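Work through the following exercises with the sequence and the model side by side. Each task is followed by a solution that goes step by step.

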Amino acid sequence: MTKIILDWNEYKRTAIEAAKEGAVLIRNEGGALPLVKGSNIAVFGRMQSNYYKSGTGSGGMVNVDHVVDIFEALSEDPDIEIDEKIRDIYVEWEKDNPVDPGVGWGQERWSQDEMILNKEDVRGAASRCDTAVIIIARTAGEDRDNLAEKGSYYLTDGEEDMLSKVCGAFKKTVVLLNVGNIIDMSFIGKYSPSSVMYVWQAGMIGGTAAAELLTGKTAPSGSLTDTIAYNLSDHPSDDNFGNKDIDRDIYAEDIFVGYRYFSTFAPEKVMYPFGYGLSYTTFDIKTKSFEADGTNIRTRVIVTNTGDKEGKKTVMLFASAPKGKVSKSSMVLTDFKKTSNLLPGQSEELLLEARAEDYCSFDDDGRAGSGNAWILEKGVYTFLAGENVRDNSEAGSITLEEDILVERLASAVRPVTAFDRLTSDGSYEPVPLKDDENLKNRMQYVPEEIPQTGDKGIKLSDVRDGRYTMDEFIAQLEDEDLALIIRGEGMSSPRVTAGTASAFAGISKELTAMGIPSVCCDDGPSGMRLDSGKKAFALPNGTCLASSFNESLITKLFTYFAMEMRTNNVDNILGPGMNIHRHPLNGRNFEYFSEDPLVTGRIACAQLKGLHKHGVTATIKHFCCNNRETRRRFMDSVVSEKALREIYLKGFEIAVKKGGAKSIMSVYNRINGNYGSSYYDLHTTVLRRQWGFTGIVMTDWWAFIEEVKGEQFGAPITDHSLLARAQCDLFMVCAGTERKDLDAADTYANLKAGREDLITRAELQRNARNILTFAMNTPAMERLMGISPEIESIACPFVEEEADISADKYYTADVDPDIEIDSDTAKGEDIVFGITCEKTGIYTMEIEASSELDPVAQLPLTVFITGIPFNVITFNGTGGQDVIKTGEIGFLSKFAVIRIHPGKRGLKVKSIKLRFKEAIPAKH
């Protein structure tokens, strides 16, 4: 039996290196950075001690033991001195002005109120210190888009006041942006800070990474994965983003997203181009050779460190295509490579490549004469190498005498809503609309029905070991099993690790009896979300990792993450997020990588490679066009087939074909009028038939399947036949997955009624094959078979509390009289337990507690349900008397993990009761 050794010190160090390499230095005037040894610095900004480790929602809900903030990390550095007077002012102010995180899902504040500085305090600090470090922080996330408002995309008045006073008093000022996404950068022109660096939301070690960059222990080497324009309105999608009035975003900019638009039409509107990023040193990039073998390009460049400090540099290769019949942008990224750490005067040779698939164009109406196809039109193709989309030089060119057909494809995913799209000459043209329905021919691509045999005693392990075929195993599945296996159970299913997102595959008594494992999937992508309260490692966010452009480092980091997943029996992490940064206000841009699909696909491949080394995997998401959060369940992304294939699907295609992706999550939104969960052309025509994908597809949690009627929750999520027909294999998630729960969805009834227009037995067997093949090759299967590798943790920071945080006790709400209290809340310990609800709805939580403290003491208890702060029940000191307080909480699913967190020590919880109050009204 193999052994896996997880060295947490190396894990942490790798995360720090990734965070540092992802930081992007935007400006560095007058040698302000790095800080010289012995520098005296003053740190400004109330978020210096309140670091945002990630954005909000499922992508950032990682319980950690400690987040290293920027002030903490700087204060531990022996090479600098921090001004204590300014620090003390902030500490005193925060006593009466604590951070307000917001309570409830999607209710977080984008930023926190800034302390108004006294001019004399700032001047005094400037007389004592060499440099001022200013921290500005932002968050956003799931169900929480940014807004074009102060405190979100724009700075607050308090932040502007801080910049004005500090930059006016200090000779050297450094602005650190602890953000998940690009923000308005006009403050640079207003206040002229010496240095500005995006340090992003870099996980629980983000403060350490920022401090090491500031003090020059490492030079920044990150590059922007997005274009920073002078104005928000300069972005081509701005007029068609977040249209709440009609719940429809028209992608009129078509393929001209980010640098594709700016390089073609508006280079003068660019403040900092795609790929931009400074270092503490300088580099020279020269082309050594350029070779062409047909349409395959190989160019070698020499990168030389011409400065006086060591550092790394990313080099990019772009293709510029000739004008033709098919619309094209002026530049397309085809490859990128990053050097190793170069000493002053040292050089390194990099090989950059381009293949036809990297720079061809999609013709979605056959205007070039090759039908619906990827093509290279005749003419001169110029290839440019350099550090970003603006600063580059010609490496070589090729001339095609005739058009080349790269790949012809059946038309799919076309819009049904007419609109005009932008073309390469700046004019607009009508978009090609859907003219055929591939769904009507679906049965010709479905394998023949397998005759049912009943139980023959074949276990799934027999198939894995080659004793029986998968067909022989599937033949044993009865119709009830076929209808249930397409359900996931959750959240917080007791079948798998406590507090995780879902169990699937072995989710009924009959299915588990056949040796099908219960596979565990958990929210990501910035680490594991364990709603039991168990601690996990919080990773740098997606934008930070992508900005490193260091694929091998990302693979190394995710190899450690894979080991951590195995220690928690998590088989499948729900991430990475792969949606395109279409607009800066998308709240989940922190999870996603870039405005560019090649970067998106390649960074996802790097993560998958690391995870696959230890047998776990990732669910790449959201497939596709989840490019805004506001009313995401009701919105329709209306986009041409050309833009879908070149921009919004391309990253997923790379992850499938080159990264070996095994699991994909669909979207809440509609794409061209079709809900993503039940979109046949997306999941079968494109994903499986055209790309060759053989894994599983799951819905997002409680996703709508069919048209919403009156915006009522509940009705649209039971049409499981439609998602199974589309080959979206799993509905996530259901409260009931046993045979008694068959009527909770329509699959079994439709199958028995012979509704072959909706679903057939052969299709359900096909879905079962997808699920079973996946499950058979997971660590869950190894655990079931007793062949899991031994896992040894070295220097794990969470070991001491592991015994106290599992929700191994489940109670039935409104039935069990009392919740057993094993934790000592008076010492600050959390109470964690599982709940099974026979009736979902609003419950009254009754808590009996006492405290020896004085009645003026405020003792809050925060009640978390599946990791979300749902209510705060506040006690006062009781003088030793027992006091009962109540509060309302809600359960939307059958299972939940509840964590009750005491905000302060001194309150002893003695009993907890849950009583049903009322059903939740069926309304939006």
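A residue is called buried under 20% relative accessible area, exposed over 50%, and partly exposed in between, with a 1.4 Å probe and protein chains only. The model is predicted, so local features need pLDDT of at least 70 and side-chain atom pairs pLDDT 80 or more, while totals for chains, interfaces and linings use all residues. Residues are numbered from 1 along each chain as its sequence is written, and side-chain values use heavy atoms, with hydrogens and water left out.

**Exercise 1. Classify the ring pair of Tyr272 and Tyr276, and state whether these residues are buried or exposed.**

Step 1: rings of Phe, Tyr and Trp (its six-membered ring) pair if their centres lie within 6.5 Å, and planes under 30 degrees apart count as stacked, over 60 as edge-to-face and the rest as tilted. Step 2: a search of the whole structure finds 27 aromatic pairs. Step 3: the centres of the Tyr272 and Tyr276 rings are 5.2 Å apart with planes at 40°, so this pair is tilted. Step 4: Tyr272 and Tyr276 are both buried.

**Exercise 2. Describe the pair of Phe290 and Phe383, and find which strands hold the two residues.**

Step 1: the pair is tilted, at 6.0 Å centre to centre and 40° between the planes. Step 2: strands, like helices, are DSSP runs numbered from the N terminus (E, at least two residues, for strands; H or I, at least four, for helices). Step 3: Phe290 belongs to strand S11 (residues 283-293) and Phe383 to strand S18 (residues 379-386), so the pair ties together parts that are 93 residues apart in sequence. Step 4: Phe290, with a relative accessible area of 23%, is partly exposed, whereas Phe383, at 0%, is buried.

**Exercise 3. Characterise the largest cavity by its volume and its lining.**

Step 1: on a 1 Å grid over the protein atoms alone, a cavity is a set of points where a 1.4 Å probe fits but cannot get out, and lining residues have an atom within 4 Å of a point. Step 2: a volume of about 270 Å³ is found for the largest cavity, the volume being the space filled by probe spheres set on the points. Step 3: its lining comprises 21 residues, with Arg260, Val332, Asp358, Tyr359 and Cys360 nearest the centre. Step 4: among the elements that each supply at least two lining residues are strand S14 (332-338) and helix H16 (597-612).

Note on methods:
1 Å grid on protein atoms, 1.4 Å probe; cavity = no way out; pocket = protein on both sides within 12 Å on 5 of 7 lines; lining within 4 Å.
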